[in-house]
Each structure stands twice: as C-alpha cells, then as structure tokens.
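Open the model in your viewer and keep the selection tool at hand. This tour goes from stop to stop.

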Amino acid sequence: MANVTVIGAQWGDEGKGKIVDWLSERADVVARFQGGHNAGHTLVVGEKVYKLSLLPSGIVRGTLSVIGNGVVLDPWHFKEEVAKLTGQGVTITPDNLQIAETCPLILPFHRDLDGLREDASGAGKIGTTRRGIGPAYEDKVGRRAIRVCDLAHLDDLGPQLDRLTAHHDALRAGFGEPPIDRDALMAELTEIADFILPFVKPVWLTLNRAKADGKRILFEGAQGTLLDIDHGTYPFVTSSNTVAGTAASGTGLGPSGAGFVLAIVKAYTTRVGSGPFPTELEDETGQRLGERGHEFGTVTGRKRRCGWFDAVLVRQSVAVSGVTGIALTKLDVLDGFERLKICVGYRIGERTYDYLPAHAQDQAKAQPIYEDIEGWQDTTAGARSWADLPAQAIKYIRRIEELIGCPVTLVSTSPERDDTILVRDPFAD
C-alpha cells in the first residue's frame, strides 16, 4: 500500500481539510510537514464543524498525528487548539499526537515583528496572517531559533538567547520598540514547557518505523504550491516550501516515502491577501463565486478573491510537485452558470505565455487568455458517482484534465466528507 502526500495546487484554501479527513480514515499516521498555525483546515463531520490551523487533520479521527520538523510551532496556540478540540469531544494525548523535537518555536516577539513590518510596508505589504510565521522561519535559517527540544534544557538557553536578542533587539529599536524582556520570555517558556514536552518525540524515527512496518502514512501539506517560497508568486508567498518534496525534508522520512502525490484543486480559483491573480473577477460573477463558495479564510476570516479556473498555474503546480493525480473540489459552486471560462495562457504586452513568468511585474501585467465552455443547470451538489453528474460537468472535468496534463483522482461535491466521487484510490498505488 502506498503512502499519500496531499498538497494544494493553487493559492491555498482548496479544500485540503476535507480530503485529508476523508483519506485519514484509511491511514495509520497523518503528518504535517511545513507551515504553522497560518494554515486553516475546516472539517465537517456529521453535525460538527472542526476548524484546525496547526494540528494534523487526522487527529479528529483519532489517527496517530505528527507535527514534523518543517513546521514552526507556536506553543501557546498549540495549547489553545488542543483545548478547543478537546472541548468538542476530540481525544488528544501523547499517544495519538507527536511533535518533532526540532520544530522551531514561534515566540511573542515573532508576532510583534510580523505586524510591525506589515504596518510599515505600505504598498509593499505582503498580506501575512501576522502570526509570526515568517520571522520564526528567518530565525531557523539564521541558526538562532529556540526549538522544541530546548524546552527541556531551559537552564542552558543563555547563549541562544544572546544570539536571538542581539538580532531582534536591533530590529525592534528600528521600529521604536523596547528590547526583548528576557526574564518575561523565560517565565513564559518555563510555564508552557510542561504542557508541550509530553508530546515531544523523535518524529523521524516514528515515521521510519511506521514505513518499515508497512503502515500507511498520509502527509498533509499546508497553503498551496503558488505560495511556495521558491515556486510561488514571490514575494507574495509564504515562508516555507509548500511543494510535495518538502514532505521528505519536513518530516525526516526521506523522498522515497512520499508515495502518491495528490494535489487539491478548486474548480475555480481563489486567493487571500496581496499578489498577482490573472483570472480575478471583480464583478458580479466573482461575488457570486465567493458567496456560493463561502469564501472566507478559516484562520483570518478575510474575504477571498475569486476568479475563473487557471489551467496554466495548475499545470505548473503539477510539474513542480510531480503530482500523480488531483482532487477537484467545490464543483457544486459552478452549478447554474450558463458559461464558464478556463484560462489557457497569458498575454503580457505583445507576447503570449503558456506559463507564468517569475518576475512580479510581469505577473501583475499578465492578462488571461480564456477558453469558453458551456455550463450546466442541474446540480452536482452531493453527487457520489459519475452517473450523478450532468454531462456538461463531466466535460468540464475532462477538459481540465487535458489542460493540466494530470488525471482526476477524486471529485468533491460538498463539504460533507462522503459527498466524494472516487476515481482512483491513492492508497492502492
């Protein structure tokens, strides 16, 4: 049985939570491998709605869930999210949830810096969630991060704090902020350590043993490929690599463990925050998509920008992540449209492109070249087989497959986990 790596193929918010929840029932382990609590996943299970941003989606099903070393962890948010889910009847203990020893911590001054930078950036604002994700990754790369394993050795933290405060105090001074209160920080870390440490394990070892035992591992990505720090619409991206290859480096299992790469793709396109969006619709059609799709960010509550399906961008995502198959979500949002459009290329000045150029100015000027497709009037909501879909909806799906060069593995037709058409079982490969 294969492992499965789930990623988003657009700008995030593609519906990964439902698909991971649907798959996790057949997985033995679910592993988060990048991002932080800026990743909103909404799960609908019966009458209950669970909103996760840090914990792996498998935890709702009681599946062994691990937070890999590629994740940056806010320990206080972790405690709050555990308490919230526990209050909803989810059992969370060190027996079914593990945190990698080497996860960098998001600390209070990371959140401060995130907000200060955004407020001072004017037209250069990136549109971060202001949760300290980027500054925490910067400290990791700068080799001055405090990591989860340091919580067990707080008496030895002095030299690391020296490096950390030397960097951040200078930044804070530039914004007119006081230096970090080291005593207060140590007190906060001491208080939270007792809650965090029971969950801390060598996650790489857990996953390698699971692989050796033939267990099925589901890798859960956050955000989307177009937000990847290398392959996304830079600088309007997140601070981690969101492509499928990160499943290896972000957990310690190794690239041979990634298995079937399943990319989640919305039947139209959305984006939260700043940055280029060639197919964005700032009209009644865009508003209709947003209202029907309930397009508001799980983490921030911000309204999502909406537009037609962009086959060019999804084709790029398929290429850079080595995608095996896609899960097409929110097909039902397109019910009732007389005509639909799919972006098949761009026009920038006098040139046409079958990919999105790397430079931000070129991206901002990209004008979509559309293919017009007939819509359908019957409903797809709740469909669980091809026979339940209107013929024109099937044509739309087939055309997407042709344009992105990748087959559809699953089709999601509502937020309910069972309203899913299974074309190919990812775990069977």
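Is aspartate 21 buried or exposed? Select aspartate 21 and look. Its relative accessible area is 1%, so aspartate 21 is buried. Bear in mind that this is a predicted model.

**Stop one: around aspartate 21**

Show helix H1, residues 16-24; aspartate 21 lies in this helix. Now display what aspartate 21 touches. Beyond residues up to four places away in sequence, its contacts are Leu43, Val45, Arg61 and Arg417.

**Stop two: the cores**

Next, select Leu55, Phe78, Leu189 and Tyr396. The largest nonpolar core has 88 residues, and these four touch the most other members. Colour helix H12, residues 391-404. Helix H12 gives the most to this core, with 6 residues.

A second, separate core has 15 residues. Pick out Ile19, Ala27, Val30 and Ile264, which are among them.

**Stop three: aromatic pairs**

How many aromatic pairs does a search of the whole structure find? There are 7. Begin with tryptophan 11 and phenylalanine 277. Their ring centres are 5.3 Å apart and their planes are at 55°, so this pair is tilted. Trace the chain on both sides. Tryptophan 11 lies in the loop between strand S1 (4-8) and H1, while phenylalanine 277 lies in the loop between strand S10 (269-271) and helix H9 (284-292). The pair therefore ties together parts that are 266 residues apart in sequence. Tryptophan 11 and phenylalanine 277 are both buried.

Move to phenylalanine 78 and phenylalanine 195. This aromatic pair is edge-to-face, at 6.1 Å centre to centre with 65° between the planes. Phenylalanine 78 sits in helix H2 (residues 75-87) and phenylalanine 195 in helix H6 (residues 182-196), so the pair joins parts 117 residues apart in sequence. Compare their surroundings. Phenylalanine 78 counts as buried, at 0% relative accessibility. Phenylalanine 195 is partly exposed, with a relative accessible area of 25%.

**Stop four: charges over rings**

Keep phenylalanine 195 on screen and show lysine 79. The charged end of lysine 79 sits over the ring of phenylalanine 195, 5.5 Å from its centre. Finish at tryptophan 386. Arginine 398 lies over the face of tryptophan 386, 4.8 Å from the ring centre.

Technical notes
Residues are numbered from 1 along each chain as its sequence is written. This is a predicted model: local features need pLDDT of at least 70, side-chain atom pairs count only at pLDDT 80 or more; totals for chains, interfaces and linings use all residues. Side-chain values use heavy atoms; hydrogens and water are left out. A nonpolar core is a set of buried Ala, Val, Leu, Ile, Met, Phe, Trp, Tyr and Cys residues joined through side-chain atoms within 4.5 Å. Buried means under 20% relative accessible area, exposed over 50%, partly exposed in between (1.4 Å probe, protein chains only). Helices (H or I, at least four residues) and strands (E, at least two) are DSSP runs, numbered from the N terminus. Contact means heavy atoms within 4.5 Å. Rings of Phe, Tyr and Trp (its six-membered ring) pair if their centres lie within 6.5 Å; planes under 30 degrees apart count as stacked, over 60 as edge-to-face and the rest as tilted. A charge sits over a ring if NZ of Lys or CZ of Arg is within 6 Å of the ring centre and within 35 degrees of the ring normal.
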